[in-house]
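These are my notebook entries on one protein model. I set down what I looked up, entry by entry.

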Amino acid sequence: MSRPSCLETWRRAWTLALLLGGGALPAAALGLAHGVFVASPDQPEDAVPESQLAAYVQSVGRDVAFVYFTNNWFRSRAFPAAVVRRIRARGAVPVIRLMLRSSDEVARGPDPTYSPARLLSGALDADLRAWARQAAAEGGPLYVEYGTEVNGDWFAWNAAHNGREAGAALFVQAYRHIVNVFRAAGANNVRWVFHVASADDPQTPWNRFERYYPGGDVISVLGVSAYGAQTPNEKPIATLRAQLDAVLPRLEALAPGKPVLLLEFGSVAGAQPPPERWAEAALADLTAGRWPALRGFAWWNSAWPNGANPAHFSELRVERQPALAAVFRRSLGHPCIRTTLDLTPDFPTPAPRSPHAP
């Protein structure tokens, strides 16, 4: 007996949810939204090069439903209006990493300017309010995340840099504070994303991603990152299946019914198995509907140096790898792949209360 298609899997899952008293998604929303993150070594990560975005779309033979991109505050605290408009002009939805950080270096301690404690003090409220008002003025849905991969200690908002046991609670309060500022500024078109790495790092009780969750009255969408090799000589390489089989049950238990986006996945050229084999297995599981809560995915279409030796560079750009592009072209022709993103999350507009409030 053949395995049911992704659409049939989702229909069964949501029919069961309806029978059990939950909500059901409209048929048009079923499927996987195709997204991408684009960046190159010769431009800032925030640039979202139009030429690279076009090259990716041409290589894979399918347009994108959403574009995932970075807004680094060490470069500019302004709302990225020009990038948002370019993404919308091509019919896609912007999904923004609101990166409140002083540099793009791996964290060595709390951020001197953008720590959760400083956020809570109100020191950044004026800039947050200005960003929120511009987001509201743009209109249309915007998906925004604070605290990307919060359970990874490579970012300064991780609890390892903010008091460990107390650090997760501080992050929750900071996230809720940001949402309070946005809602007070009228930015009700912003849907908030809680984005975790597929594995807690470090793997300690105080760093479990559940400790960082700001609450269902704040979060509309869950996000996850799951990579194969990130350098050419990395071994062993975890499959997407192994990672999502481990993390998705935890996310679904944490926030039942919330849609999930695979916001970052990829594997580099030069690794074994090669990226086309890793991606082929990953895309086969995605299009088979193995994970019904998953509603979209974005390949990390980027490259970066690892020292001076070009042989050690990390290359994930599909347009630079014909075998990988061929895998994407075959996989993205599947009927469950969508070029629209309509998660239509229900979320309250009143300012959230602290989870610790009586």
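**Entry 1**

I noted that the model is predicted. Arg164 sits in the loop between S4 and H6. Its phi is near 55°, which is positive although the residue is not glycine. I recorded this angle because most residues other than glycine have a negative phi.

I then turned to Glu149, which also has a positive phi, of about 45°, without being a glycine. I located Glu149 in the loop between strand S4 (142-146) and helix H6 (165-184). Is Glu149 buried or exposed? Its relative accessibility is 8%, so Glu149 counts as buried, the cut-off for buried being under 20%.

**Entry 2: the whole protein**

I counted nine helices and eleven strands in the protein. Of its 358 residues, 54% count as buried. Among contacts between residues at least 6 apart in sequence, 78% join residues at least 24 apart.

**Entry 3: helix H7**

I followed helix H7 from residue 240 to residue 254, a run of 15 residues. From its first C-alpha to its last, H7 reaches 21 Å, close to the 21 Å expected at 1.5 Å a residue. Where in H7 does a kink lie? I found the kink, of about 25°, at Val247, shortly before the proline Pro249.

I listed the buried residues of H7 next: Leu240, Gln243, Leu244, Val247, Leu248, Arg250 and Leu251.

**Entry 4: two cis peptide bonds**

I looked at two peptide bonds because most peptide bonds are trans. Asp201 and Pro202 are joined by a cis peptide bond, with omega about 10°. I placed Pro202 in the loop between S5 and S6. Gln272 and Pro273 are likewise joined by a cis peptide bond, with omega about 0°. Pro273 lies in the loop between S7 and H8.

**Entry 5: the largest pocket**

I looked up the space in the largest pocket and found about 1200 Å³. Which residues lie nearest its centre? Of the 40 residues that line the pocket, these are Glu149, Trp154, Gln230, Trp300 and Trp304. S6 and strand S9 (303-304) are the elements that give two or more residues to the lining. The largest share, three residues, comes from S6. Glu149, which I had noted for its positive phi, returns here near the pocket centre.

**Entry 6: Val60**

I ended with Val60, which is found in helix H2 (residues 50-60). Why does Val60 count as buried? Its relative accessibility is 1%, and buried means under 20%. Leaving aside neighbours within four places in sequence, I found Val60 in contact with His34, Val318, Phe328, Arg329 and Leu332. I also looked up the separation of Val60 and Ala325, which stand 265 residues apart along the chain. Their C-alpha atoms are separated by 5.6 Å.

Notes: Residues are numbered from 1 along each chain as its sequence is written. This is a predicted model: local features need pLDDT of at least 70, side-chain atom pairs count only at pLDDT 80 or more; totals for chains, interfaces and linings use all residues. Side-chain values use heavy atoms; hydrogens and water are left out. Helices (H or I, at least four residues) and strands (E, at least two) are DSSP runs, numbered from the N terminus. Buried means under 20% relative accessible area, exposed over 50%, partly exposed in between (1.4 Å probe, protein chains only). Contact means heavy atoms within 4.5 Å. The expected span of a helix is 1.5 Å times one less than its number of residues. The bend at a residue is the angle between axes fitted to the seven residues ending there and the seven starting there. On a 1 Å grid over the protein atoms alone, a cavity is a set of points where a 1.4 Å probe fits but cannot get out, and a pocket is an open set with protein on both sides within 12 Å along at least five of seven lines; lining residues have an atom within 4 Å of a point. Grid points are joined across faces, edges and corners, and a volume is the space filled by probe spheres set on the points.
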